[in-house]
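Thanks for passing this one along.

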Amino acid sequence: DYPYKDLAAASEFLFIMGYDMHFWDDYTCITKGTCSPAEASLKDLKLGLSEYLKVVDPSKLVLGLPWYGQHYFDLVVPINVGQVDYKDVLKAMDTKNLIKTKTIDQDSQSWVLKCNSNCIEGQKFGKTVWFDDATTLTPKYQLASDNNLLGVGMWSVDKLPIPEADGSDPHKNERDAMWTAISNWETSMKLVEKYEDNHIHQKIPTSASASVVFLPNANAAAP
């Protein structure tokens, strides 16, 4: 445990890593139903955020969510074989006859892909991918709005698809949807305005050069 209350008092805000939440090597928790292969299970996010809110004022909290997923090899339980960028998930879904099913896990509110062969090119094993997109991230960003957090963020921008070298942009809609989901994290915020501060902005970058973007509450006072 870290002294979150003291850390918040000594800093402008705390960035909650609402990702890397999938189980690691404790496979027994899967069979018990106490953990999830999802990178950011809604159930776990609610629990984790509630713990932060016990000791830190919501105006000091930023909720970060993943723009990537996890790849699994199914044995008796899912065996993790690596992280998968959202752009690579889209590439897999573009591959003819590769995807067997795409369903939403109700507890985690994350997508589950089942593939007819290895889902991700370059990774030797794994016919299952758990991931989030604009649809499943929206209710997770909503947690920040519902709890009056300072803002939201993600890890990371370079996980999104970008235009091809030939100028084509087959996944523009998906990329735009991800930006829309994060920029509209507050129900009443339809247009993202600049945050009046020299070093923290709400302005969305147009390139994939940044790792994390922080979008603060529209009513937040500049520190």
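1. In which strand is the place of Phe73? Phe73 sits in strand S3. Please keep in mind throughout that the model is a predicted one. At 31% relative accessibility, Phe73 counts as partly exposed. Leaving out residues up to four places away in sequence, Phe73 touches Pro78, Ile79, Val81, Phe125 and Gly126. Val129 lies 56 residues from Phe73 along the chain, and the C-alpha atoms of the two are 9.0 Å apart.

2. Now for the chain as a whole. There are six helices and nine strands, and of the 223 residues 43% are buried. If you take the contacts between residues at least 6 apart in sequence, 64% of them join residues at least 24 apart. The accessible surface is about 12,000 Å², and carbon and sulfur atoms account for 52% of that.

3. S3 belongs to an open sheet of five strands, in the order S4-S3-S7-S6-S5, with antiparallel pairing. Its edges are strand S4 (78–85) and strand S5 (99–105), each of which pairs on one side only. From one strand to the next, the twist averages 25 degrees.

4. Helix H4 (residues 86–94) packs on it and touches strand S3 (68–74), S4, S5, S6 and strand S7 (128–131). The direction of H4 makes about 105 degrees with that of S4. Helix H5, in turn, lies across S5, S6 and S7, and runs at about 155 degrees to S6.

5. Which residues touch the most other members of the largest nonpolar core? They are Leu61, Leu63, Trp67 and Tyr141, in a core of 41 residues. Helix H5 (residues 134–146) supplies the largest share of this core, with five residues.

6. Strand S2 (residues 61–66) and strand S8 run parallel, joined by five bridges, and Leu63 stands opposite Val152 in S8. Why can S8 be called largely enclosed by the rest of the structure? Four of the five residues of S8 (residues 151–155) are buried, so the strand is largely enclosed.

7. Lys159 is in the loop between S8 and helix H6 (172–183). Is Lys159 buried or exposed? Its relative accessibility is 11%, and because buried means under 20%, Lys159 counts as buried. Apart from neighbours within four places in sequence, Lys159 is in contact with Trp67, Tyr68, Gln83, Asp85, Tyr86 and Lys87. Trp67 in that list is also one of the core residues named in point 5.

8. On to the aromatic rings. The count comes to six aromatic pairs. In one of them, the rings of Tyr19 and Tyr68 have centres 6.5 Å apart and planes at 70 degrees; over 60 counts as edge-to-face, so this pair is edge-to-face. The pair links distant parts of the chain, 49 residues apart: Tyr19 is in the loop between strand S1 (14–17) and helix H2 (28–32), while Tyr68 is in strand S3. Both partners are buried, Tyr19 with a relative accessible area of 8% and Tyr68 with 1%.

9. The centres of the Phe73 and Phe125 rings are 5.6 Å apart and their planes are at 50 degrees, so the pair is tilted. This pair also links distant parts of the chain: Phe73 in strand S3 and Phe125 in the loop between S6 and S7 are 52 residues apart. Like Phe73 with its 31%, Phe125 is partly exposed, with a relative accessible area of 43%.

10. A last item for the aromatic list: Tyr2, Tyr4 and Tyr52 form one aromatic cluster.

Terms used: Residues are numbered from 1 along each chain as its sequence is written. This is a predicted model: local features need pLDDT of at least 70, side-chain atom pairs count only at pLDDT 80 or more; totals for chains, interfaces and linings use all residues. Side-chain values use heavy atoms; hydrogens and water are left out. Helices (H or I, at least four residues) and strands (E, at least two) are DSSP runs, numbered from the N terminus. Buried means under 20% relative accessible area, exposed over 50%, partly exposed in between (1.4 Å probe, protein chains only). Contact means heavy atoms within 4.5 Å. Accessible areas come from the Shrake-Rupley method with a 1.4 Å probe; for residues, only the protein chains shown count as cover. A nonpolar core is a set of buried Ala, Val, Leu, Ile, Met, Phe, Trp, Tyr and Cys residues joined through side-chain atoms within 4.5 Å. Two strands pair if DSSP finds at least two bridges between them. Axes are lines fitted to C-alpha atoms, for helices over the stretch in contact, and angles run from 0 to 180 degrees between N-to-C directions. Rings of Phe, Tyr and Trp (its six-membered ring) pair if their centres lie within 6.5 Å; planes under 30 degrees apart count as stacked, over 60 as edge-to-face and the rest as tilted.
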